[in-house]
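Subject: Handing over a structure

Hello,

I am passing this structure on to you, and I hope you enjoy looking through it. Please open it alongside this message.

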Amino acid sequence: MGERSDRAPLLDWEEVPSADKPAGADPSDRLARPPNGCGSPASSAPPGLGRSGGPGVPDGCGAPPATSIIITQAGADAATEHHPSDSGPGDVALEDRMVTWEEKDQIVSVFVVTFNTRTGNMLEWCLPKDMDLEGVEFKAIASGSHRVTTDFIYFRKGSYFGLACFANMAVESTAERGARMKSVGILSPSYTLLYRYMSFLEHQVRLQLQSPGHYSPLEAFYEDKRALLPPSGDDVVSLCPISAWGAAINHSMHPEMKITHPAGCMSQFIRFFGEQIMLLWKLALLRRRILIFSPPPVGVVCYRVYCCCCLANISIPGVGVAVPEFRPFFYVNVADISALENELSYVACTTEKIFEEKRDLYDVYVDNQNVKTHREGLKPLLRISTADREKYRKLTEQRKMLLYSQEENGDGVSSEEDLFILFFLEQNNRIFQTLSEVAATPDPTLTADSVRAMGLDPHGDRLFLLHLLEIYGFDTLLLSDQLCCS
């Protein structure tokens, strides 16, 4: 029996799929398979990133998992309203709807950027020809990229998200000064599916370095994957997921309905920052503007942007609807300054040190493992409280238990990513559930005991709590006199 791809007809730009699925298989079985040709990490996490592995990626960030499914924001909302077992004769099964969502490709542009020794970064080729790609040449080849041989970059371009793969090859050419640098990238309304094309982009940038001007695979790719967009491009930017969590962690749902993210990168992120992860968690929950600086490679830093977004998820209905969205900008450069000036809340990364001087653009600046702020009102929040240390201890203990279980029992289902993501989700829900319950009482006063019930320090987290009440609109809540500064 012949084999077939579980995504789309095989084209000349696609890699040969693994021969593990008979043609007559049940279509719903696609829920248990990653897209062919891509390392597709899976976990009960927000819509995420991923890559096929390679230089510049921390250990464990590229291992493909056993299962993968993508849930878009609209899809997750629908998933919370229906369950496969509840479908009537005239209803469409949830699995079928999920397959339909996964098969919808949303590529709005494909492009090649090159470095010219005379003019600098320049757009070499693109489809469609009339696409506004002004400035993309400085996103696809980040400042300082000449120092690395390969890299990948997530970024925002207007209402779209982009992924570009960069490569730097030595050549015997005086005109090129001994090095040829190019980047091949794509744009989409959402970053949730971009990881599927990582290996394709990596292959294409190598091809462009070895055989410049060979665009036919990119043309075929665009024709097969181009998006059918609404007449208006408004509101197409996918934000950090919040309501999608209700569907993602509902254990009554199909066990393979997991949102993808880069496997291993959340655990690497937390190990990198150590106890300071608790500071980033608070700042993310307070919807502050966070800018992360790091020299190239950029890919691993883009993952830190994504991981920061994961810290602020809340799945309690109605909570957070009035607060600014925590927008992932991923890689930014000086051309993004005007856009960042208008943002109330975001997390982004950059390789350009000049941003540190632009203090009006950010609230928190992260340089390597140094988290700092110039805002006097936020400086006390950068002190790790007793409750922070206790939460971090619990997190590391849970991780050790998980690793022991995996080693002793061969548990290949549970992952560190599930553990870390759900740890912060449950912590956030715990806080807002307690706040909602206290607010509904005749005496809406937060006492030391209620603060401890939230997992916070009555003294060390008092300022954090005050900010939280203000931002999330708990105006009727009062703080007990017991909660004084230490």
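Below are some notes on its cysteines and its charged side chains.

First, the ground rules. This is a predicted model, in which local features need pLDDT of at least 70, side-chain atom pairs count only at pLDDT 80 or more, and totals for chains, interfaces and linings use all residues. Residues are numbered from 1 along each chain as its sequence is written, and side-chain values use heavy atoms, with hydrogens and water left out.

Cysteines

With a disulfide taken as a pair of cysteine sulfur atoms within 2.5 Å, the count is zero. Cys-349 is in no disulfide, and the nearest cysteine sulfur, in Cys-302, is 4.0 Å away. For Cys-310, the closest cysteine sulfur belongs to Cys-307 at 5.7 Å, too far for a bond. Cys-310 is buried at 2% relative accessible area, and Cys-349 is buried at 1%. Here buried means under 20% relative accessible area, exposed over 50% and partly exposed in between (1.4 Å probe, protein chains only).

Salt bridges

The whole structure holds 18 salt bridges, each a side-chain nitrogen of Lys or Arg within 4 Å of a carboxyl oxygen of Asp or Glu. A few are worth a visit:

- Glu-343 pairs with Arg-327 at 3.3 Å, N to O. Glu-343 sits in the loop between α10 (337–341) and β8 (346–350) and Arg-327 in strand β7 (residues 327–331), so the pair ties together parts 16 residues apart in sequence. Glu-343 is buried at 15% relative accessibility, while Arg-327 is partly exposed at 25%.
- Lys-400 and Glu-397 meet at 4.0 Å, N to O. Both are in helix α11 (residues 386–409), three residues apart, about one turn of the helix. Lys-400 is exposed at 52%, whereas Glu-397 is partly exposed at 34%.

The helices (H or I, at least four residues) and strands (E, at least two) are DSSP runs, numbered from the N terminus.

A buried arginine

Arg-156 belongs to strand β3 (residues 150–157), and a polar atom of the Arg-156 side chain lies 3.5 Å from the backbone oxygen of Gly-158.

Best wishes

Definitions and conventions:
A polar contact is a pair of N or O atoms within 3.5 Å; within protein, one must be able to donate a hydrogen and the other to accept it, and residues adjacent in sequence count only if both atoms are side-chain atoms.
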